[in-house]
Structure formats: C-alpha cells, structure tokens
Amino acid sequence: MIQTGLHISNDKYRHPVFYLVFLLLTVFIAYWPISFHVFSLKNDALNYFLPVRHLVSESYHRNILPLWTPYLNLGYPLHADMQSGVWNPFVQLFSFFGPYTLYTLQLETLLYIFLSGAGMFFLLRHFKLHPYANLLASVSFMLCGFNSDSCQFLNWIAGTAFLPFVFLFYYRCLEERSVKQGMYTGLSLFFLFSCAYPADFIITAYLLIAMLIVYMVSAYRKKEVFINKKLLLSHLTIAIVFILLSG
C-alpha cells in the first residue's frame with residue numbers, strides 16, 4: 001500500500017540517485033549563464049578568489065607548496081589565509097588537471113551549490129520526510145537567496161554545502177554513539193573548516209556543543225545514562241579524524 005502524508009518509513013518511489021541527478025540538473029538549469037559560461041562571476045570572485053586560486057593551483061601543479069605570495073601587501077603568508085584555498089581539497093584536486101581558471105572557479109561554485117542541495121536531501125531523508133517534500137525543500141535550500149546573492153563569495157557558498165552534512169552525521173553520532181558516524185562527522189567538519197568561511201566553522205562548533213547539551217539534558221530527564229564509553233569514543237573519533245586531516 002502507498003502511504004500518504006508528509007512522513008513515510010521508506011522511499012518507495014525512486015532510488016536516491018534519481019533525486020541527486022534531478023538536483024544536479026536543477027543547478028545547471030537554474031544557473032545556466034554560469035553553467036554554459038555565457039556570463040562570469042563578478043566582484044570578489046574575480047578580484048580575489050580567481051587570482052589567488054590560480055597562484056595556488058600553479059604552485060601545486062609545479063610541486064611547490066604555496067606558502068607565500070609576493071602579490072598581496074608587498075608579500076603575504078598565503079598559507080595562513082583560510083580563504084585562499086591553499087588547504088582546500090577541491091582546489092588541490094583541480095590543480096592536478098592544470099591551472100585554476102575562470103571555468104574552474106565557476107565549476108567549483110556550482111559544485112558547492114549542488115552539495116548544499118544534496119546535503120539537505122540526505123538530512124531531511126534521515127527524518128523520513130516524504131521524498132517529494134524533501135526534494136522541494138532541498139531545491140529551495142539549494143537555490144535560496146543566500147546562495148544566489150553570495151556567489152561572489154566562494155567560501156560562503158562552501159558553508160552551505162557542508163553544514164547539512166555536519167548536522168546530519170553529528171545527529172546520527174548522538175543517536176548511534178558509533179565510531180563510524182564519528183568518522184563521518186570529523187570528515188564533514190574538516191571540509192567545513194578547509195573550504196568555508198572561518199566564522200562558519202566557529203559558529204557551527206557552538207551549535208554542535210548546544211546539540212550535545214540538549215541531548216544530555218534530555219537523556220538526564222529520561223533518567224538515562226547520558227555519558228558512557230560509546231559517546232566518549234564517538235566524540236574522540238571526531239576529534240582524531242578532524243585533527244589528522246587538518247594537521
């Protein structure tokens with residue numbers, strides 16, 4: 001029997017890959033001037049992110065660690081600028097295929113927008129939202145005014161890409177208290193730390209602490225054990241994975 005309502009136990013309509021392909025096509029159609037390179041991103045995207053990322057990719061492509069740039073402020077420690085992309089895994093990956101260009105910049109922007117929709121889809125799917133309602137919410141989040149208005153700020157867009165994954169895996173970590181979910185949470189935090197605006201990571205850390213406090217208070221009121229070895233081990237896993245990847 002087909003269940004009705006906003007909540008269903010299982011997605012009986014289509015495989016999640018179908019919805020991810022739909023989200024990907026939506027991004028390319030909604031941002032078609034960028035997808036087909038009819039127009040380019042402007043302002044900070046061209047004035048800062050493109051030249052700095054080009055320098056970073058050129059350095060990596062030539063097997064040089066981009067620690068310093070002579071083109072900013074009469075010399076500038078590029079590795080200390082979290083917005084430069086020196087430690088961004090996507091910039092490092094793109095660098096293997098050649099210098100970072102305007103096309104790469106726009107591809108990275110579209111990738112972050114798609115990941116924001118995909119992350120929201122899996123987050124809402126965890127709470128068993130009806131797949132069509134989930135798809136509508138994911139598209140709305142992916143094409144929200146923040147993403148459209150902030151396209152010139154690449155690291156802001158990266159924040160929306162990884163926030164849903166961080167909250168999804170940390171919520172699962174509190175539910176299951178497993179090492180596996182702790183590893184996923186640590187990995188998501190690393191991507192947020194290395195790709196997004198630094199303030200996004202700091203605020204997210206406060207929110208995760210708030211989630212942990214609410215969870216512990218709720219368990220205490222239910223007279224459950226709110227601190228045990230599994231919970232400590234899962235959080236230790238988060239810290240170890242994050243530190244290893246960030247170090």
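Predicted model: local features only at pLDDT ≥ 70, side-chain atom pairs only at ≥ 80, totals over all residues.
F193 has a relative accessibility of 29%. Buried would need under 20% and exposed over 50%, so I put F193 down as partly exposed.

Next I checked F242. Its relative accessible area is 17%, under the 20% limit, so F242 is buried.

I then turned to aromatic pairs and found 19 in the structure. For F90 and Y112 I noted ring centres 5.7 Å apart and planes at 85°. F90 sits in helix α4 (residues 89–95) and Y112 in helix α5, 22 residues apart. Both F90 and Y112 are buried.

F193 and F242 also form an edge-to-face pair, at 5.4 Å centre to centre and 75° between the planes. This pair links helix α9 (residues 179–195), which holds F193, to helix α11 (residues 229–246), which holds F242. The two residues are 49 apart in the chain.

I also recorded a cluster in which ring pairs link F90, Y112, F162, F190 and F191.

I went back to helix α5, residues 102–126. It has 25 residues and reaches 37 Å from first C-alpha to last, close to the expected 36 Å. Of its 25 residues, 18 are buried. K128 follows α5 and has a positive phi, near 60°.

Last, I looked for cavities of 30 Å³ or more and counted two.

How values were computed: Residues numbered from 1 in each chain as written. Heavy atoms only, no water. 1 Å grid on protein atoms, 1.4 Å probe; cavity = no way out; pocket = protein on both sides within 12 Å on 5 of 7 lines; lining within 4 Å. Points joined across faces, edges and corners; volume = space filled by probe spheres on them. Helix = DSSP H or I, 4+ residues; strand = E, 2+ residues; numbered from the N terminus. Expected span 1.5 Å × (residues − 1). Buried < 20%, exposed > 50% of the residue type's maximum accessible area, 1.4 Å probe, protein only. Phe/Tyr/Trp six-rings, centres within 6.5 Å; stacked < 30°, edge-to-face > 60°.
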